[in-house]
Amino acid sequence: MSAAEGLGWAGAWNIAKRDLNARFRGLRLLLVCIFLGTAALAAIGTLTASIERELQSSGQELLGGDLEVEVWQRDLSSEEQSALREYGEISGGFRMQAMASTEDAAAPVELKAIDDKWPLYGAFTIIDSDQNSVTAGPPTGSDAYLAKGALDRLDITVGDTFRMGSMTLTAAGVIDNEPDRLSEGFQLGPTVLVARDVPEAAGLLQPGSLYQSKYRVAFDAASTDPEAAEEALTEAFPNAGFDFRTRDRASPGADRFVRQMSDFLTLVGLAALVIAGIGIAGGVSSYLDQRRASIATLKVLGASSRDIVRVYALQIAVAALIGSVLGLATGVLVTPLLGAALDGLLPVEAGFVIEPAPLMLAGAYGLLVAFAFAAAPLLRARSFPAMALMRSRIVPLARDKRALFATGIGIAAICALALITTAQPLLAGGFLIGAGAALIMLAGLGLALQYAARRIPRPSNPLLRSALSNLYRPGAPTSALVTALGFGLASFVLLAAIQSAIDGNIQSRVPQEAPDYFVIDLPPEGKDRFYELVQTPFPDAQLRSVPTMRGAILAFGEEGAMQRTADLEEIPEGAWALRGERGITYSDTPPEGSRIVDGEWWVEGHTGDALVSIDAEFAQAAGLKVGDMLTIGILGAERTVRIANLREIDWETMGFNFTLVFSANAIADAPHKLSATIDLPENADASDQGQLLRSMVQEFPSSSVIEVGEVLVQARVLLEQVGLATLAAAGVAVLAGLAVLMGAIAAARAARTYDTVVLRVLGASRRQILGLQLAEYGLIAAALALVALALGSGLAWVIITQLFEFDWLPDWGAVLAVLGLGLVMVMAFALGGSLPLLRAKPAQALREL
């Protein structure tokens, strides 16, 4: 073989595989970083794709139809039902809160009245006497199927009877699988399934009662577009107050949660890859430094620079490929565990899931990161002559401009791939720009630290003087250490800020003090008796009641130029009150927990123009101001009112918060009921509370009670599940940061062997050498503390406020404590990494120069 031909790929591979240690000594940091980044992205992509596919493929089953039409406080008219039947088979029923009771117990439940066509899609199953799951048809007559929680609360078994309103029902079975459960939303009590005519027979469907009519349609033609059907029905019945859902958005809450989690997890994966890239650059530099004698020997024997690149590029490629394959396998293996953590929140396919597209994407990311960050040290090593390589410990290798070009190509490819494949290009692009800016800032900080160390006066302490000199001497790894330590410490801050902010939201969004009960559908004429019923056993109980009904905003805007809501192509962001029907009330006084920010409240007994007070945030989103007009639809009747004032509402209270509060002369004549809150004194006797519930059921059989404590428990569990999934994902970034920290310290240790040997020959003690290392790392870590705090908390702010739309409520004491722990870990790693230096034999190290 001629020198001009070189080794070729086959010859390079023969040398590479002989030289490649089976345990990947020297390349372990590269392998670990690729593994972590690839595993994170593989798990993220697989889980997200699995959930999205399940939502899409099961959309009909989750919704219970191709299209759902929902309206409050009334049934659909025969004309409206006929319009639905033109599209296919329909199934209709009612949803409401109700009270189930026996002689000894009473329990709030979610009543679901269904017809004989339910479910249009999917299978309904119950638990039989042998605890097996069996398919069942809809309940008929006075039979009812109950969730296990309802049976437990009532202390009954299958076959026993209980009362609902004025009707006696029989527990005919225990619900196992309710196919459209996820689309029903947040549950305020265990489910009870009954026949469609039960609520009316039990006296629960009264004028003004708060109940929903839900109709699902199974299209006759599979090609029918649900969105087109929705638009046609809206045009045909513009004032009906319909809420629509389609099979493509069967569970809007789940869709939104998946989107938020996907965005967050993608950011975490990209962050892990950025940190991994730093580790790869340091790991490859360290590895090639360890192999300098082999590289020099190959050059002396006639190997060209191209041969050197081929040999070590193959070794790096093998390590990267193995790390990627292990990462992909791990991502697939952990997906069922992540799915189990989200059980009950989202539909996740059971077992192991293979999603080719996200796995290929994760693998491509891993290999691109390996190429981008390994190119610079690899190309730098190829361009030096043999003698320079042999003396590289005292003659540092110069930078290769071609390496910057190769690295730039790799980073550009990573950015392009991220922007092409993400559903949120602005979010991903902003993160990549931020990551690039952070890298530049840390690199600049490294240079500034070296400049400052060179310029500040020399301290009298010899250890500090030597530590300062080590920061700027030729070949000092200060820039690499600053970058690695900066991202590593920032990952600690990120984790602490996210965790404490979520905990803060749990504390603030789920109130510690709240009413014990909400009561709905209380007849206005029974208000005095209701107060007497509660305050007789509990004289110190606090009660509050307000009139409650439902209404839809049909038009809004300036007088004479109002915008019809049905004509909007898209609801403005933040103007959610324009979508469907909302709870409304009337009052002579401003509601508790509200503050008027514009306009004035009407006087008590107001008899002039019909007025309304609206939420200031909604007004801003909808472009409304004091003096503008609203047209509201209540039970099919239109009423136009003038905006009298804007209010700031404290939504975090568990009291009555209404976006729209009217003057009494505007809506008081519409059929309606009262809603009330009951706040019992502390340490109220549990048996007395149980008796109170039973008494309310007897006195007001058509009213419903919601136990706030159970709602708060559900809310806490949901937020804690979100927090757990968030922390588990953010932990990937922390693991990557730890790997990079240890790798950077190990790489610096390899470069310090010669320095340590020289110091020992000159008489330095072990304590002095360790003190020197700790002083150097202490100076760098101290300079990075504020930078890491800014980086980590900045990314946490984006995640908490922009993705999850939570309040920014971190516990800064906890964040600073974790940052301090990170600094202690850096010093511990530095100390542990310095111990092998003390074992270096001076004679052997000096002979290798």
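Predicted model: local features only at pLDDT ≥ 70, side-chain atom pairs only at ≥ 80, totals over all residues.
Here, buried means under 20% relative accessible area, exposed means over 50%, and partly exposed is in between, using a 1.4 Å probe on protein chains only. Residues are numbered from 1 along each chain as its sequence is written, and side-chain values use heavy atoms, with hydrogens and water left out. Helices (H or I, at least four residues) and strands (E, at least two) are DSSP runs, numbered from the N terminus.

**Aromatic rings**

- Rings of Phe, Tyr and Trp (its six-membered ring) pair if their centres lie within 6.5 Å; planes under 30 degrees apart count as stacked, over 60 as edge-to-face and the rest as tilted.
- The count by this rule is ten aromatic pairs.
- In one of them, Phe530 and Phe700, the ring centres are 6.4 Å apart and the planes stand at 70°, so the pair is edge-to-face.
- This pair links distant parts of the chain, 170 residues apart: Phe530 belongs to helix α17 (residues 527–535), while Phe700 is in the loop between α20 (686–699) and β22 (704–707).
- Trp118, Phe124 and Tyr145 come together as one aromatic cluster.
- Arg550 lies over the face of Trp72, at 3.7 Å from the ring centre; a charge sits over a ring if NZ of Lys or CZ of Arg is within 6 Å of the ring centre and within 35 degrees of the ring normal.

**Helix α4**

- Glu80, Gln81, Ala83 and Leu84 are the buried residues of helix α4 (residues 78–85).
- Seen down the axis of α4, these buried residues fall within an arc of 155°, so they line one face of the helix; the arc is that of the directions from the helix axis to the C-beta atoms.
- Ser78 and Glu79, on the other side of α4, are exposed.
- The buried residues of α4 pack against β1 (67–72), β2 (88–101), β10 (212–219) and α7 (226–236), where contact means heavy atoms within 4.5 Å.

**Ser213**

- Ser213 is found in strand β10 and is buried, with a relative accessible area of 0%.
- A polar atom of the Ser213 side chain lies 2.4 Å from the backbone oxygen of Arg74.
- Leaving aside residues up to four places away in sequence, Ser213 touches Val69, Glu70, Val71, Arg74, Asp75, Gly93 and Phe94.

- Two strands pair if DSSP finds at least two bridges between them.
- In strand β13, 14 of the 16 residues are buried, leaving the strand mostly covered.
- β13 (residues 542–557) pairs with β15 (residues 581–586) in the antiparallel sense over four bridges, and Ala552 stands opposite Glu581 in β15.
- Seven bridges join β13 to the antiparallel strand β21 (residues 673–679), with Val546 opposite Ser675.
- β18 (residues 629–634) is also antiparallel to β13, joined by five bridges; Thr631 in β18 is the bridge partner of Ala555.
- β13 and β14 (residues 563–564) pair in the antiparallel sense over two bridges, and Phe556 has Gln563 in β14 as its bridge partner.
- Five residues separate β13 and β14 in a hairpin, and Gly560 in the turn has a positive phi of about 90°.
- β15 runs parallel to β20 (residues 660–662) over three bridges, with Ile584 opposite Leu660 in β20.

Notes
Polar contact = N/O pair within 3.5 Å; in protein donor to acceptor, adjacent residues only side chain to side chain.
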